[in-house]
Structure formats: structure tokens, C-alpha cells
Amino acid sequence: MKKDLCSISDLTLEEICHLFSLSQQLKEKVKTGSLTKLKDKIVAIVFEKPSLRTRVTFETAIYSLGGNPIYLSPSDIGLGKRESVKDVAQNLSLWVSAIVARTFAHTTILELAQHANIPVINALSDLEHPCQVLADFLTILEIKGKIENSKIAWVGDGNNVCHSLLLGSAILGASLFVATPKGYEPNREIVNKSLALAKSSQAEIRFTNDPVEAVKNREFIYTDTWISMGEESQAEIKKPAFAGFQVNEKLLKNALPDYKVMHCLPAHRGEEITDEVLDGPHSIVLKQAENRLHIQRAILAELLK
């Protein structure tokens with residue numbers, strides 16, 4: 001693996017498969033005793049945004065590997081405000097073994113990685129959410145037994161999770177049909193990169209503005225909040241554009257009978273997804289959340305070995 005994990009496209013097919021295997025191995029070893037892969041290592045967790053799953057799963061993963069996390073909130077550092085990103089990266093490199101960063105701008109992740117001589121892991125940026133999507137594909141693998149040709153539909157905003165899902169699908173050979181409202185399509189550079197990667201994996205990547213078309217005969221139906229953190233001021237503008245994109249029982253009648261519903265959480269219940277779907281028998285959102293811990297444990301163990 002490269003020094004850093006800024007994008008899911010930093011990984012090869014072989015490296016992703018190795019992370020899946022390692023995550024399973026470590027999950028079993030944790031059950032039988034303590035692990036020491038991160039013994040005497042300290043990991044800085046630098047967050048510009050609040051978090052439940054990302055913070056808890058990374059801290060738990062670090063502790064379970066024998067390491068120690070240090071959480072640094074926005075008020076502790078003030079990335080690019082109180083102190084430059086370069087200075088933060090260079091100083092943390094003197095004291096800790098890795099940086100896990102959750103930032104507003106993807107450029108901040110890239111700048112941290114450029115100036116740190118220790119691994120930097122993207123725990124979410126405005127462009128990508130690689131750890132989430134690795135957990136998602138681990139979940140699909142555990143349920144289906146394979147990822148290649150898995151039929152996935154994305155319904156909602158062309159956001160950071162969608163971007164990582166596009167790149168991951170292209171690398172792993174999945175079939176992904178993305179449905180977004182007009183004007184909310186995924187980033188064109190990410191789309192082009194995904195289509196290029198798909199040529200070698202034979203992945204099927206398609207796009208539409210019709211959620212019914214995307215969901216038809218699909219196995220995995222994935223959605224996310226329409227309003228990302230930092231976009232709250234756009235809520236009243238965005239919501240009308242997403243009418244018809246709610247993942248509900250009516251929409252899901254178009255999916256395969258044994259469909260699975262995915263959501264990276266937190267969910268805005270009653271907006272992008274209904275309670276009956278989120279809490280229903282087809283929902284695998286909690287399995288996705290659990291696998292955040294397992295895949296991030298593998299990422300840390302691999303980058304810090």
C-alpha cells in the first residue's frame with residue numbers, strides 16, 4: 001500500500017482484497033485475545049466535523065490493536081486558521097505514528113499527506129469517504145460471497161460517498177447504477193476516473209435521473225442524506241429537487257425480491273429514507289456500521305506494520 005489512504009483509488013484490487021481478508025483475521029483474533037500490532041504507537045484523530053461512527057470505530061480499532069488514540073477537535077487545532085495545515089502535519093509527524101483526518105475540504109487531506117512523513121487516512125472529506133465504502137463492500141462480500149457483478153443502485157445526491165462507491169465499484173468489478181436529480185450528479189473527474197478504471201475490471205457503471213430505472217432488478221439499494229454537513233443553508237433549495245428520490249416501500253418494489261438496503265448513516269428519517277425501510281428486515285445498515293470498525297482496524301494494521 002501507499003503511505004496514505006486519501007482515496008479508495010489509492011488501492012489496487014489486490015490491496016482491497018487483502019484488507020478484506022485481514023479484517024476478517026483480526027476480527028477473529030480480537031475475540032480470542034489482545035492484539036499488539038500498534039503497541040507503543042499513538043494515532044492522532046484530527047476532526048473538523050462531529051462524528052459518531054467514525055470517531056468511535058477508529059478509536060476502538062486503535063485500542064484493540066494495542067495503540068493509543070489522541071482526539072483533536074476543531075478547537076484544539078483550527079486547521080488552516082490558527083495554524084497552517086503544513087505546520088500541523090509536520091509537527092504531528094514528530095510525535096505520533098499516523099493521522100486520521102475528517103475534514104471539510106479534500107485539499108486539506110491531500111495537504112496533510114503531502115507534508116506528513118507518517119500515514120494519513122481520509123476519514124471523510126467533501127470529495128470522498130473511502131473507509132465507509134470499504135466497509136460497504138466488505139458487507140456486500142459477507143452477504144453475497146462475492147463483489148464482482150453485484151448489482152448496486154445509488155439513489156440520492158452525487159456526494160462523497162457516491163464518489164468512493166463509484167471508484168470502488170470500478171476497481172472491484174461491481175455493477176453500479178447511480179440515480180441523482182438533475183444538477184446533483186457526481187463530480188465529472190470522479191466519473192471519468194471510474195469509467196477508465198471500469199475498463200480493466202469489466203465493471204458496469206451507469207447514470208440516470210430516474211430512481212425507478214436505477215433500482216429495477218437491483219440487489220443492493222444505497223442512499224445517503226441529501227444534505228451533507230456544511231450544506232445546511234442549502235436544505236430548502238435541495239429538498240424540492242429530491243422529490244421522488246426517497247427510498248421507500250413503493251420504490252423498492254422495483255428491486256429484486258431479496259434486496260438489501262444500505263445507508264452510511266446518520267439518516268434523516270422521513271427524508272431520504274423511511275423508518276419502515278431503515279428499520280425493516282431488508283436493512284443492513286447496522287452491519288455496515290459494524291464493519292467500519294473491522295475494515296479500519298485492517299487499514300491501521302496494514303499502514304503501520
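Colleague: In which helix is Asn160 found?

Modeller: In this predicted model, Asn160 is found in helix 7.

Colleague: What makes Asn160 count as buried?

Modeller: The cut-off for buried is a relative accessible area under 20%, and Asn160 has a relative accessibility of 9%, so Asn160 counts as buried. If we leave aside the neighbours within four places in sequence, Asn160 is in contact with Leu124, Ser125, Asp126, Leu127, Glu128 and His129.

Colleague: Why are helix 7 and helix 8 called roughly parallel?

Modeller: Helix 7, which covers residues 160-172, and helix 8, which covers residues 188-201, pack at an angle of about 15 degrees, and their axes are 7 Å apart. Angles under 35 degrees count as roughly parallel, and therefore helix 7 and helix 8 are described as roughly parallel to each other. As for the handedness, helix 7 passes helix 8 in a left-handed crossing.

Colleague: Which residues make the contact of helix 7 and helix 8?

Modeller: From helix 7 the contact is made by His163, Leu166, Leu167, Ala170 and Ile171, and from helix 8 by Ile190, Val191, Lys193, Ser194, Leu197, Ala198 and Ser201. Sorted by class, this contact of helix 7 with helix 8 has eight nonpolar, three polar and one charged residues.

Colleague: Why is helix 4 called oblique to helix 5?

Modeller: The axes of helix 4 and helix 5 cross at roughly 45 degrees and come within 8 Å. Under 35 degrees would count as roughly parallel, over 145 as roughly antiparallel, and 65 to 115 as roughly perpendicular, with the rest counted as oblique, so the angle makes helix 4 oblique to helix 5. Helix 4 passes helix 5 in a right-handed crossing. Val85, Lys86, Val88, Ala89 and Gln90 of helix 4 make the contact with Thr108, Glu111, Leu112 and His115 of helix 5, and these residues divide into four nonpolar, three polar and two charged.

Colleague: Which residues of helix 4 are buried, and how do you know on which side of helix 4 they are?

Modeller: In helix 4, which covers residues 85-95, the buried residues are Val85, Val88, Ala89, Leu92 and Ser93. They cover an arc of only 130 degrees around the axis, and therefore they are on the same side of helix 4. An α-helix has 3.6 residues a turn, so residues three or four places apart point the same way.

Colleague: What covers the buried residues of helix 4, and which residues are exposed on the other side?

Modeller: The cover includes strand 1 (42-47), strand 2 (68-72), helix 3 (74-77), strand 3 (98-102) and helix 5 (106-115). On the other side of helix 4, Leu94 and Trp95 are exposed, a word that stands for a relative accessible area over 50%.

Colleague: How do you know whether Pro130 is buried or exposed?

Modeller: Pro130, whose place is in helix 6 (residues 130-144), has a relative accessible area of 0%. Since buried means under 20%, Pro130 is therefore buried. Not counting residues up to four places away in sequence, Pro130 touches Cys6, Ser7, Ile8, Asn122 and Ser164.

Colleague: Where does Lys2 lie, and which residues is Lys2 in contact with?

Modeller: Lys2 lies in the segment before helix 1 (13-32). Leaving aside neighbours within four places in sequence, Lys2 is in contact with Asp10 and Leu303. From C-alpha to C-alpha, Lys2 and Ile171 are 16 Å apart in space, and they are 169 residues apart in sequence.

Definitions and conventions
Residues numbered from 1 in each chain as written. Predicted model: local features only at pLDDT ≥ 70, side-chain atom pairs only at ≥ 80, totals over all residues. Heavy atoms only, no water. Axes fitted to C-alpha atoms, helices over the stretch in contact; angles between N-to-C directions. Helix = DSSP H or I, 4+ residues; strand = E, 2+ residues; numbered from the N terminus. Left-handed = near helix turned anticlockwise from the far one by under 90°. Contact = heavy atoms within 4.5 Å. Nonpolar A, V, L, I, M, F, W, Y, C, P; charged D, E, K, R; others polar. Buried < 20%, exposed > 50% of the residue type's maximum accessible area, 1.4 Å probe, protein only. Arc of directions from axis to C-beta.
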